[in-house]
Amino acid sequence: MLNTLWLVPTFPLIGFLLLALAGGTFTRKAIAVITLTAMGLSLVCSLLVTVSFLHSGQTEFTQVLWTWMDVRGFDPAIGLHLDALSVIFMLVVTFVGFLIHLYSTEFMTEDPGYARFFAYMNLFVMSMLLLVLADNLVFLYLGWEGVGLCSYLLIGFWYQDSANGHAAQKAFIVTRVGDAAMAIGLFLLFTHFGTLHIQEILQLAPKRWETGSTAAITAALMLMIGAFGKSAQLPLQTWLPDAMAGPTPVSALIHAATMVTAGVYLIARTHVLFELAPSIQLVVAIVGAITLLVAGCSALVQRDIKRVLAYSTISQIGYMFLALGVGAWSAAVFHFMTHAFFKALLFLSAGAVIMAMSHEHDMFKMGGLYKKLPITFWTFLIGSASLAALPLVTAGFYSKDAILWNALILDSGSGWLWLAGILGAFITAVYSSRMVIVTFFGEQKKEIHQYPGLRIQTPLVILAVFSVIAGFLDMPHSLGGFAPFSGFLHTALPHAEERGSVGLEVLMQLIAAAVTFGGIYLAYVAYYKKPDMPQALMTYPLLNNVRNFWFHGWRFDDLYNAIFIQPFVCAARWNKQDAFDAIPQWITWVNYGLYWTLRQTQTGNIRWYASGVAVGAIILIALVVLL
Amino acid sequence: MAQIPMEHGLLLAGILFVLGLTGVLVRRNIIFLLMSIEIMLNAAGLAFVVAGARWGEAGGQIMFLFILAITAAEVAVGLALVLAMFKKVKTLDTNVLNQLKG
């Protein structure tokens, strides 16, 4: 059954081709059937492949379909590589992808671009599967750019509004910065190793490069910038909040659950290179820690429910990068998986709320919805609890706890990173409780416009179940140490040696739990018991300034506008005539001069022409006679 | 019949040609233009005849017959154009016909 691996990305491709080429001729029902069949078959195939992969006992499996191109020994293949890491990513992408497609068939019902939407979505799933299954970096790059393209197309899906188009362009251009760096990283790897086959590079690198050598650091740095761009980490995070301009299922699938974690996948996939460059790995951890705090603070003060979730996504990916940076590979991937479940759930529930409120995004105009939308409320509550890492019962607790624990006790970790993580956990608990309280409690401010149907509620319930039970796949030592997930991952990723005692681990978990409850209590007091308190605090100018600063994402947009965009626009305006055009311009001027001179002879007067003929004849005769 | 020296004949042809050319260059009336061209053609024909007589060749006279034929054709076309021109611009002044200047 392993040989059916190639079918996993092929079904979404077929779905895309059908919908893109003939989408206009199908009815809405047929479109929904096509897209769900494509995604369903892809999911079934990936499940079958996973089961037979686990049964076969292999740690990796490669399926080369054909050679993509062959240029003097540079021969990247259309080849798929399966190991524990790609199995997990493949499963999450197809599973969450299928549920979000199911949700979208109802959510987008009234949209005129129904076929176009699902064509893009299927193309996205295919690209993402190529990204995580590719056996060489060129093929991976194809998937990498493919998801970038789909992200652009789907952010600007409602293109009649120019603001959406700007958001799409911003996302595309900002991630392009990272992609360019990543391309340079690939060139570097190719010049050093003569191949871009991932497994070969991972085997060759430790033999050819010493730990900390310049080449290793440069290559890791370039890949790191690429990962930062795609995963919206500082300083390339500005595009993600604006990416919320797209339809909500897009935010759930692309800008929360899958695409933005491509950077996590890339670093985990090329972990050998990062281990050879410890300084870069430390940078990854520090940037992750800073990002999770910066984005968390911004999430605290947003009013738009989707923007809260967007900043929270940046913050949670910050946790993953923190884990990658300290070498806790399996903790990072574990957090990726639980985050995919609960963040997709949160976005989808938020989408259901937004739809019920007739496209109102501002949480403070909602309120009191818990009785009206019970299923949405409970699923949203479970998602938020998982995001806030409510101890013991939610998946988010186990994955975040693993990251915090590893950040503290691993050699490359430190108390500072742990402190940043625990502070971030507090902020997370505050903003996720705030989101739930403001949206679902208090008085109802707006009538329900539309109730969610079955195809919206089913994915919510399934994802809510997974947001709880996914955590039991990887229990810490203090709770029995039942960890099939990291056991499985360690067949592909190195095992981080844990040295802490169980007693210390329990202490840390108690601290984390206390922090979570503290955050929830703070939000409860500030937004439920005394709802006037936030407004009262805003009367202090300092707090108000801080709030505005955070609200605008720490003013990164203004900063980039001042240091990149304005100088560029200025230079473009100054150089409107394009200095380089002046070089070929002289040809035009010479031609124009000749034209102007010769034009004077064309008087239109017949006697003038006759005298011209006569003078010419006299000159010719004179030449013949005289010479 | 006394022989006329070739130089005299060529001189006459030259004078006629220059007269015709001068007519073409200075007259504005298109009828006079056509007549001046006629003089120039005949001057050329005279030069052929004189040269043919000088070397005792029949070619010069044959060429003159050709020139006559061409002249007749030219006059036919030219007069038709003059009629068309007069219909259009109601004048025979060639300076009016300068719409094609660059």
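Leu81(B) lies in helix H3 (residues 59–89) of chain B. Helices here are DSSP runs of H or I of at least four residues, strands are E runs of at least two, and both are numbered from the N terminus. This is a predicted model, in which local features need pLDDT of at least 70, side-chain atom pairs count only at pLDDT 80 or more, and totals for chains, interfaces and linings use all residues. Residues are numbered from 1 along each chain as its sequence is written, while chains are lettered from A and ligands numbered from 1 in the order in which they are written.

**Leu81(B)**
- Leu81(B) counts as exposed because it has 12 C-beta neighbours inside 10 Å.

**Chain A overall**
- Chain A has 26 helices and 2 strands.
- Its C-alpha trace spans about 120 × 60 × 55 Å along the principal axes.
- Of its 627 residues, 51% count as buried.
- Of the contacts in chain A with a separation of 6 or more, 81% join residues 24 or more positions apart. A contact means C-beta atoms, placed from the backbone, within 7 Å.

**The strands of chain A**
- Strand S1 (residues 60–67) pairs with S2(A) in the antiparallel sense over 7 bridges. Pairing requires at least two DSSP bridges between the strands.
- Trp66(A) has Ile78(A), in S2(A), as its bridge partner.
- Strand S2 (residues 77–83) of chain A is largely enclosed by the rest of the structure, because 5 of its 7 residues are buried.

**Nonpolar cores**
- A nonpolar core is a set of buried Ala, Val, Leu, Ile, Met, Phe, Trp, Tyr and Cys residues joined through C-beta atoms within 7 Å.
- The largest core has 213 residues, of which Leu322(A), Ala332(A) and Ala344(A) touch the most other members.
- Helix H15 (residues 329–356) of chain A gives this core its largest share, 21 residues.
- Apart from it lies another core of 5 residues, among them Ala13(B), Leu46(B), Ala47(B) and Phe48(B).
- Leaving out residues up to four places away in sequence, Ala344(A) touches residues including Val96(A), Ile100(A) and Leu463(A).

**Where the chains meet**
- 10 residues of chain A are in contact with 11 residues of chain B.
- Helix H26 (residues 606–626) of chain A gives the most to chain A's side, with 5 residues.

Methods:
Two residues are in contact if their C-beta atoms, placed from the backbone, lie within 7 Å. A residue is buried if 20 or more other C-beta atoms lie within 10 Å of its own, exposed if 12 or fewer, and partly exposed in between; C-beta atoms are placed from the backbone.
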